[in-house]
Amino acid sequence: MEPVQLLGPDGRLREHPDWPLEVTPELCRDFYRKMRLARQLDNEALALQRQGELGLWLQSLGQEAAQVGSITALREEDYVFPSYREHAAALCRGLTPAELLIQWRGNQHSGWDPRQYRFHIYTLVLAAQLPHATGYAMGVQRDGTDEIVAAYFGDGAASEGEANEALNWAAAADVPLLFFCQNNQWAISTPTRAQMRAPLHQRAQGFGLEAHVVDGNDVLAVHAVTTEVVKRVRDGGGPALIEALTYRMAGHSTSDDPGRYRSDSELDSWRARDPLGRLETLLESEGWIDQEFRDEVDTECTELAAETRRACDELPLGEVGALFSTVLAEETELLAEERRHHQQLLASYVD
Ligand SMILES: Cc1ncc(C[n+]2csc(CCOP(=O)(O)OP(=O)(O)O)c2C)c(N)n1
Ligand SMILES: [Mg+2]
């Protein structure tokens with residue numbers, strides 16, 4: 001299967017017979033703005049980590065098109081299960097920099113109320129969110145609403161047993177669930193080619209899911225394919241999978257040095273396919289962007305950076321007891337014992 005592409009790396013539009021999209025200046029400007037903001041937040045968080053203000057950060061650099069193009073194809077009430085790198089998607093859902101950063105500053109285990117944004121907390125245990133999403137989608141199915149569920153995961157996570165169990169279970173139960181894999185070519189230092197022989201979209205078809213592959217650095221293609229697939233899932237077509245071919249342009253996390261396992265030439269070849277650059281080229285060549293709009297986006301980005309820095313500085317310390325009180329609806333004896341033990345431990349510290 002050839003990846004669907006509507007906007008080439010050269011910034012030119014391409015027609016696709018199966019995946020038409022009404023490409024308007026407004027749509028392209030909106031995507032551009034969202035992607036610029038996401039990149040800005042990502043840069044600022046990286047700087048904050050380097051300055052010792054965050055313990056860790058996982059960059060979404062290079063994956064903005066995959067995330068923005070897909071999340072905007074969902075309705076606000078559709079429930080999303082992200083992995084841990086979905087900052088661009090999170091921003092589109094209205095999460096604030098404070099909510100996104102607090103976990104990485106180590107002040108809280110997660111930063112937001114998932115029900116408020118219909119955007120679940122980040123999952124660091126690879127693929128754990130996929131059976132959760134499947135179970136949630138079974139609930140949605142029983143509620144009989146026309147809400148759907150979407151779950152993001154990576155190429156590395158696709159090797160987990162839970163990912164494969166979830167694909168099979170979702171297909172067997174015929175739930176309204178979209179699996180969205182960002183194949184960013186790497187799982188820390190393991191390349192995708194060392195993880196799987198058959199491409200993931202092919203494997204998903206084997207489980208009985210409708211599956212597609214798309215140029216994940218082409219926001220228009222991602223949006224076109226996701227919009228259509230979401231429609232089919234919503235209309236009772238069963239679960240589906242989209243594999244977005246993209247690239248993690250930064251290290252795995254701020255603790256990683258990608259120079260130890262991948263070449264500069266590989267990075268350069270993907271820089272030439274940068275999702276933001278090609279959209280900007282399109283906007284320029286079509287005359288859909290003027291200085292006023294550029295200034296507006298620049299100002300918004302500067303404000304977001306300032307807000308991110310200020311929010312980080314003012315993040316409240318979390319309540320340590322939440323570690324125990326938010327695990328189960330009703331505390332078990334074991335949990336109560338662990339909580340008491342933990343309190344005794346804290347009390348034993350001198351300051
Ligand atoms: C169950 C489990 N095993 C191992 C890890 C360690 N780990 C964290 S991220 C990662 C790589 C994940 O790669 P991928 O799924 O492609 O996502 P990406 O980081 O590329 O977005 C690994 C092995 C983990 N978090 N959870
Ligand atoms: Mg990956």
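In this predicted model, alanine 127 lies in the loop between α5 and α6. Its phi is positive, at about 75°, although the residue is not a glycine. Most residues other than glycine have a negative phi. With a relative accessibility of 1%, alanine 127 counts as buried, the limit being under 20%. The loop between α5 (114–117) and α6 (129–143) also holds arginine 118. Arginine 118, again a residue other than glycine, has a positive phi near 50°.

Aromatic residues form a further set of contacts. The count of aromatic pairs comes to 12. In one of them, the rings of tryptophan 112 and phenylalanine 119 have centres 6.1 Å apart and planes at 45°, so this pair is classed as tilted. Tryptophan 112 and phenylalanine 119 are both buried. In another, the ring centres of tyrosine 247 and tryptophan 270 are 5.0 Å apart and the planes stand at 5°; the pair is therefore stacked. Tyrosine 247 and tryptophan 270 link distant parts of the chain, being 23 residues apart. Tyrosine 247 belongs to the loop between β7 (240–245) and α10 (264–271), whereas tryptophan 270 is in helix α10. Both tyrosine 247 and tryptophan 270 are buried. Ring pairs also join Trp57, Trp104, Trp112, Phe119 and Tyr122 into a cluster.

Two arginines are placed over aromatic rings. The charged end of arginine 273 sits over the ring of tryptophan 270, at 3.9 Å from the ring centre. Arginine 29 lies over the face of phenylalanine 293, with a distance of 5.8 Å to the centre of the ring.

Arginine 29 and phenylalanine 293 are also among the residues that make the contact between helices α1 and α12. Two packed helices are described by the angle between their axes and the distance between the axes. For helix α1 (residues 25–50) and helix α12 (residues 291–313), the angle is about 35° and the axes are 9 Å apart. The crossing of α1 and α12 is right-handed. On the α1 side, the contact residues include Tyr32, Arg33, Arg36, Leu37, Gln40 and Leu41. On the α12 side, they include Arg294, Val297, Asp298, Cys301, Leu304 and Ala305.

Helix α2 (residues 64–71) has 8 of its 8 residues buried and is therefore largely enclosed by the rest of the structure. The buried residues of α2 are Glu64, Ala65, Ala66, Gln67, Val68, Gly69, Ser70 and Ile71. The axis of α2 comes within 8 Å of that of helix α9 (residues 219–237), and the two cross at roughly 35°. The crossing of α2 and α9 is right-handed. Here Ala65, Ala66, Val68, Gly69 and Ser70 of α2 meet Val219, Val222, His223 and Thr226 of α9.

Within helix α2, glutamine 67 has a relative accessibility of 0% and counts as buried. Apart from its neighbours within four places in sequence, glutamine 67 is in contact with Ser60, Arg85, Glu86, His87, Ala88, Ala89, Tyr152 and Gln182. Glutamine 67 and aspartate 235 are 168 residues apart in sequence, and their C-alpha atoms are 23 Å apart in space.

Glutamine 63 is placed in the loop between α1 and α2. At 2% relative accessibility, glutamine 63 is buried. When residues up to four places away in sequence are not counted, glutamine 63 touches Arg85, Gln182, Asn184, Thr246, Tyr247 and Arg248.

Aspartate 155 is buried, with a relative accessible area of 1%. Asparagine 184 is also buried, at 5% relative accessibility.

Methods. Residues are numbered from 1 along each chain as its sequence is written. Chains are lettered from A and ligands numbered from 1 in the order in which they are written. This is a predicted model: local features need pLDDT of at least 70, side-chain atom pairs count only at pLDDT 80 or more; totals for chains, interfaces and linings use all residues. Side-chain values use heavy atoms; hydrogens and water are left out. Buried means under 20% relative accessible area, exposed over 50%, partly exposed in between (1.4 Å probe, protein chains only). Rings of Phe, Tyr and Trp (its six-membered ring) pair if their centres lie within 6.5 Å; planes under 30 degrees apart count as stacked, over 60 as edge-to-face and the rest as tilted. Helices (H or I, at least four residues) and strands (E, at least two) are DSSP runs, numbered from the N terminus. A charge sits over a ring if NZ of Lys or CZ of Arg is within 6 Å of the ring centre and within 35 degrees of the ring normal. Axes are lines fitted to C-alpha atoms, for helices over the stretch in contact, and angles run from 0 to 180 degrees between N-to-C directions. A crossing is left-handed if the near helix is turned anticlockwise from the far one by less than a right angle, and right-handed if clockwise. Contact means heavy atoms within 4.5 Å.
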